[in-house]
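Subject: The structure I promised

Hello,

Here is the structure for you to look at. Please open it first, and then read on for what turned up in it.

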Amino acid sequence: ITANHTNTDYSSICIHNGKVIGVVLLGIEGSLAMINSMCVIPEYRGTNAAELLMKNSIKNAGNRKIMLEVLKG
């Protein structure tokens, strides 16, 4: 996992063998952290990439509440 951030936003990517296989975007507004987007490319689903991205988002959120909206489809 590598991460970049500004004062209120974080992006993290998961890399396997030099290839980006997942990404998460986390926005922070006051006491709320919002996971705006998260994806793992299909052939790497089930490899714990999403778990690593979520754990990194939780770390970056600090003591804030985290909101995740899931869209079906």
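A question to start with: is asparagine 48 buried, partly exposed or exposed? With a relative accessible area of 48%, asparagine 48 is partly exposed, because that value falls between the 20% and 50% cut-offs. Please keep in mind throughout that this is a predicted model.

You will find asparagine 48 in the loop between E4 and H1. Asparagine 17 also has a positive phi without being a glycine, in this case about 50°. Asparagine 17 sits in the loop between E2 and E3, and with a relative accessible area of 72% it is exposed.

Now for the overall layout. The chain is built from five strands and one helix, and along the sequence they come in the pattern β-β-β-β-α-β. There are 73 residues, and 27% of them count as buried. The accessible surface of the chain is about 5200 Å², with 54% of it belonging to carbon and sulfur atoms. If you take the contacts between residues at least 6 apart in sequence, 37% of them join residues at least 24 apart.

Next, the interior. In soluble globular proteins, nonpolar side chains tend to be buried together. Here, the largest nonpolar core has 13 residues. The residues with the most contacts inside this core are Cys14, Ile21, Leu26, Ala33, Val40, Ala49 and Leu53. Strand E2 (9-16), strand E3 (19-29), E4 and helix H1 (49-61) each give two or more residues to this core, and E3 gives the most, with four.

Leaving aside neighbours within four places in sequence, isoleucine 21 is in contact with Cys14, His16, Cys39, Val40, Ile41, Tyr44 and Ala49. Isoleucine 21 and cysteine 39 are 18 residues apart in sequence, while their C-alpha atoms are 8.4 Å apart in space. From valine 40, with the neighbours within four places again left out, the contacts are Ile21, Gly22, Arg45, Ala49, Ala50 and Leu53.

Valine 24 is also found in strand E3, and at 2% relative accessibility it counts as buried. Beyond its neighbours within four places in sequence, valine 24 is in contact with Tyr10, Ser11, Ser12, Ile35, Ser37, Met38, Leu53 and Ser57. Cysteine 39 comes up again here: valine 24 and cysteine 39 are 15 residues apart in sequence and 6.6 Å apart from C-alpha to C-alpha.

One of those partners, serine 57, deserves a look of its own. Serine 57 lies in helix H1 and is buried, with a relative accessible area of 3%. What is serine 57 in contact with, leaving aside its neighbours within four places in sequence? The contacts are Val24, Leu26 and Ile35.

Finally, the pocket. The largest pocket has a volume of about 230 Å³. Its lining is made up of Met34, Ile35, Asn36, Ser37, Met38, Met67, Leu68, Glu69, Val70 and Leu71. By class, that comes to seven nonpolar, two polar and one charged residues. Strand E4 (32-40) and strand E5 (65-68) each supply at least two of the lining residues, and E4 gives the most, with five.

Asparagine 36 is part of this lining and is found in strand E4. Asparagine 36 and leucine 68 are 32 residues apart in sequence, and their C-alpha atoms are 7.3 Å apart in space. Other than its neighbours within four places in sequence, asparagine 36 is in contact with Leu25, Leu26 and Gly27.

Happy to talk any of this over once you have had a look.

Best wishes

Notes
Residues numbered from 1 in each chain as written. Predicted model: local features only at pLDDT ≥ 70, side-chain atom pairs only at ≥ 80, totals over all residues. Heavy atoms only, no water. Buried < 20%, exposed > 50% of the residue type's maximum accessible area, 1.4 Å probe, protein only. Contact = heavy atoms within 4.5 Å. Areas by Shrake-Rupley, 256 points an atom, 1.4 Å probe, with all protein chains shown as cover. 1 Å grid on protein atoms, 1.4 Å probe; cavity = no way out; pocket = protein on both sides within 12 Å on 5 of 7 lines; lining within 4 Å. Points joined across faces, edges and corners; volume = space filled by probe spheres on them. Nonpolar A, V, L, I, M, F, W, Y, C, P; charged D, E, K, R; others polar. Core = buried A, V, L, I, M, F, W, Y, C linked by side-chain atoms within 4.5 Å.
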